[in-house]
2 protein chains.
Amino acid sequence: MTAQDMMVTVALKSWNQALDRATQLCSNLTDEELQAEVAPGRNRLIYLWGHLAATSDSLIATLRLGQRLHPELDATFLKSPDRAVAELPSAAELKRIWEEINANLTPALAQLSAEEWLERHASVSEEDFVKEPLRNRFAILLSRTNHLGFHLGQVVLTKKRG
Amino acid sequence: MTAQDMMVTVALKSWNQALDRATQLCSNLTDEELQAEVAPGRNRLIYLWGHLAATSDSLIATLRLGQRLHPELDATFLKSPDRAVAELPSAAELKRIWEEINANLTPALAQLSAEEWLERHASVSEEDFVKEPLRNRFAILLSRTNHLGFHLGQVVLTKKRG
């Protein structure tokens, strides 16, 4: 395994661990439990879970890996704050969407070579990328892993302490 | 720049961004403001900041980059939960410790080559590392960046919304 392959493997493992933790924390909750706020007046779990689902789904497009599955999530979970949209998916629906999005994303991430990870992401033009080669897919993977961890730190606050 | 150098640069940038955000969020708070809890009954900011300082300091040792500066932090901020130890550093002291630790750590991280990032970390023996080469310094860097992000997600809950 080359040095760059090793680094990609480590980074993907880190992403997948964070994703698994999100699944464990959210996917067995009832509709009622998903109404819990992470702190008084702050985001509810249902919103954060939808927000993470929309982020995973949009990753497919940001990494230029194909069509995303649920662009309709963005209006509620990326472009609006919690409680701005009254009609949210149920726990069962969101669980189905979450699984569908990740079943689409995980193999797409796994098939990229190290060289492909260093190609540009969708938010930078070919012209700008020549000058700013750090704006690559690998940078997006790390920043999305950190984003996931940031919200996991909030989600765990709703759990009873052991 | 080789592919592996590019990946190291991206990963260090991600770590440094998270660290800067922690500095911005914590280092101008008063002793009183650092008493805020991230959610009712949960960790106070003073504890989380000390916990992050102890983690940064221990990183020097985990990465086999030399002596750490403040091992005395561990008893309060890593081995005990918040409120178990009555005597905590003041805001001014913790700020000084935080700056000292990161002034020691940042150049030590910057001088490692890509090959050195893929060497073993201190918690794995040379023997085990032959079988488990993913237990390298690079994996520690990504996991500590995620750990930092996890707690930043909690720290921001104490901030007024814009």
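Predicted model: local features only at pLDDT ≥ 70, side-chain atom pairs only at ≥ 80, totals over all residues.
1. Before anything else, a word on the element labels: helices here are DSSP runs of H or I with at least four residues, numbered from the N terminus.

2. On the overall make-up of chain A, my notes are brief. There are seven helices and zero strands, so the radius of gyration is worth a look next: at 17 Å it is close to the 15 Å that the globule rule gives for 162 residues, so chain A is as compact as a globular protein of that length. Along the principal axes, the C-alpha atoms of chain A fill a box of roughly 50 × 35 × 25 Å.

3. Now for packing and surface. Of the 162 residues in chain A, 52% count as buried. Take the contacts in chain A between residues at least 6 apart in sequence, and 68% of them join residues at least 24 apart.

4. Which residues have the most contacts inside the largest nonpolar core? They are A:W15, A:W117, A:F138, B:W15, B:W117 and B:F138, in a core of 105 residues. Have a look at B:W15 in particular: leaving out residues up to four places away in sequence, B:W15 touches B:S56, B:L59, B:L105, B:L109, B:L141, B:R144, B:T145 and B:L148.

5. Most residues other than glycine have a negative phi. A:R83, however, has a phi near 80°, a positive value in a residue other than glycine. Is A:R83 buried or partly exposed? A:R83 counts as partly exposed because its relative accessibility is 40%, and the band for that label runs between 20% and 50%.

6. B:R83 is not a glycine, yet it has a positive phi of about 80°. B:R83 is in the loop between α3 (73-77) and α4 (91-110) of chain B. With a relative accessible area of 40%, B:R83 is partly exposed. I'd have both arginines on screen when going through the backbone angles.

7. Next, an alanine in a helix. A:A61 belongs to helix α2 (residues 45-62) of chain A, and its relative accessible area of 32% makes A:A61 partly exposed. What does A:A61 touch, not counting residues up to four places away in sequence? Its partners are A:G66, A:R68 and A:A122. A:A61 and A:I140 are 79 residues apart along the chain, and their C-alpha atoms are separated by 11 Å.

8. Then a serine in a loop. A:S123 is located in the loop between α5 (114-117) and α6 (126-131) of chain A. A:S123 counts as exposed because its relative accessibility is 53%, and the cut-off for that label is over 50%. Residues up to four places away in sequence aside, A:S123 touches A:T62 and A:R135. The pair A:S123 and A:T62 is 61 residues apart in sequence, with 6.7 Å from C-alpha to C-alpha.

9. Last, a valine in chain B. B:V124 is in the loop between α5 (114-117) and α6 (126-131) of chain B. Is B:V124 buried or exposed? B:V124 is buried, since its relative accessible area is 2%. Beyond its neighbours within four places in sequence, B:V124 is in contact with B:F129 and B:R135. From C-alpha to C-alpha, B:V124 and B:R135 are 7.0 Å apart in space, and they are 11 residues apart in sequence.

Notes: Residues numbered from 1 in each chain as written. Chains lettered and ligands numbered in written order. Heavy atoms only, no water. Core = buried A, V, L, I, M, F, W, Y, C linked by side-chain atoms within 4.5 Å. Buried < 20%, exposed > 50% of the residue type's maximum accessible area, 1.4 Å probe, protein only. Contact = heavy atoms within 4.5 Å. Helix = DSSP H or I, 4+ residues; strand = E, 2+ residues; numbered from the N terminus. Rg over C-alpha atoms; globule rule 2.2 N^0.38 Å.
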